[in-house]
Amino acid sequence: MMLGSVLNPVNSSIISVSLVPIGAAFGAPPSQTAWLVSALYLATAIGQPVVGRLIDLYGPRRLFLVGATLTGIAGLIGLLAPNLGVLIVSRVVLGFGTCAGYPASMSLIRSEARRTGRDSPAGILAALAVASQTVAVVGPPLGGLLIGLGGWRTTFAVNIPLAVAGLVLAVRRLPKASPKERAGKGVRLDLPGMALFAAMLVSLLLFLMEPRSDRWYLPVLMALAAAGFAVRELRAAEPFIDLRVFGGNPPLLLTYGRALLTSVVSYVFLYGYTQWLQDGRGLTASQAGLAQLPLFLTGIAVSSVTGRRAEVRGKLLVGGVAQIAVCVLLLLLQPHSAVWLLIAVALVFGVPQGLNNLALQNAVYHQADPERMGASAGLLRTFLYVGAMVASSANGAFFGARADTAGLHGLAWFMLAVAGLFLALTVVDRSLGRIGSGDSSSSREPQQRKASTT
């Protein structure tokens, strides 16, 4: 489960140190290589809840196997790609291939918890949080190491052995679908709802990539698709996303909102700061990756130390304050800042990276309808990647031809505003205090089942 969950976040961040050498190899400007980032986000944002719903209906094993196969194919395409267009195709295939790991894991954990009566496997959830999001920060150091050893193509080829390992382990260890799951629980897929959801997200994300006045039609298309999606889901007997259940679950909606905000801060840092290290500070790709190694180590350590505690409110509060502290440190950076300050920035940012993602995952685990855990976990990742697209737009807006220090400081002020909103949403949300304090997921299940049948 951890191996499957790690593929998407690592691939979302490993490309950050590959963009410059890929652009040089194909003679492509940053505006074109940016599609390597956006292609994965588009495929993942759409695919996560869709695959999650399929997992709810047909069980995690078969979707995991399909996803691992697509991941290996994507790695092979990237290894042999003759041009940038084919490389972008590989990232699309990779996005869909890595969609299954996380929702499959959440579904398996939830079903096993219900079978054994252990409603809050906090240690397992902590390990999954490290694999599914915190480990994203290993992408830049790993990418820098691979580029130094064999060039940028190794950052794509690494998916081949990982996919093979995932296939072998899944065949040997993942439980086969029950007869009820093999029959799809007798539920027909809501294909129109899925299509409208995809149209809504594609329009939104394409606009976020280049928010210009001459692209006004994209928000209009998004609004029309959103309206159609809402009408369809409210009328469908078996909706893709049951809006009635979500509408009656404000705590879950707030969790998704916080996921979007913390994702904006995280990905502005992972991409914007990494580019500044190379353009503004003059480091090589390998050095820029190594400069973020303390971030990875801190994030893993924080998740490991705090993971067995089910409470989420304290983690989100500390994580919110730490995000603000990082923004202040970014404002102190200059083209010739000392190495110790770069290390301090990475160390401090590792704290919210280790706390926020773990807390958000635990919140979804307790707040979501158990029968729709796969789709709910997939939606969490969708909101994270919508936030990543907002971050990508912000990087483009504040950085001109190169990632200079003035642009970094502009990004820091933007991050500060988003981090402040994240902290405010956490402070006012009193429902967070009930998680881990005796109000377990089991006490919520009757209410969730009642809501899903009304």
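This is a predicted model: local features need pLDDT of at least 70, side-chain atom pairs count only at pLDDT 80 or more; totals for chains, interfaces and linings use all residues.
Modeller: Local features here need pLDDT of at least 70, side-chain atom pairs count only at pLDDT 80 or more, and totals for chains, interfaces and linings use all residues. Residues are numbered from 1 along each chain, and side-chain values use heavy atoms, without hydrogens and water.

Colleague: Why is S18 called buried?

Modeller: Buried means under 20% relative accessible area (1.4 Å probe, protein chains only). S18 has 0%, so S18 is buried.

Colleague: What makes the pair of S18 and I14 a polar contact?

Modeller: A polar contact is a pair of N or O atoms within 3.5 Å, one able to donate a hydrogen and the other to accept it; residues adjacent in sequence count only if both atoms are side-chain atoms. A polar side-chain atom of S18 lies 3.5 Å from the backbone oxygen of I14.

Colleague: What does S18 touch?

Modeller: Leaving out residues up to four places away in sequence, S18 touches I147 and T155. Contact means heavy atoms within 4.5 Å.

Colleague: Which residues of α5 are buried?

Modeller: Among them are L84, L87, I88 and S90. The buried residues of α5 pack against elements including α1, α2 and α3.

Note on methods:
Buried means under 20% relative accessible area, exposed over 50%, partly exposed in between (1.4 Å probe, protein chains only). Helices (H or I, at least four residues) and strands (E, at least two) are DSSP runs, numbered from the N terminus.
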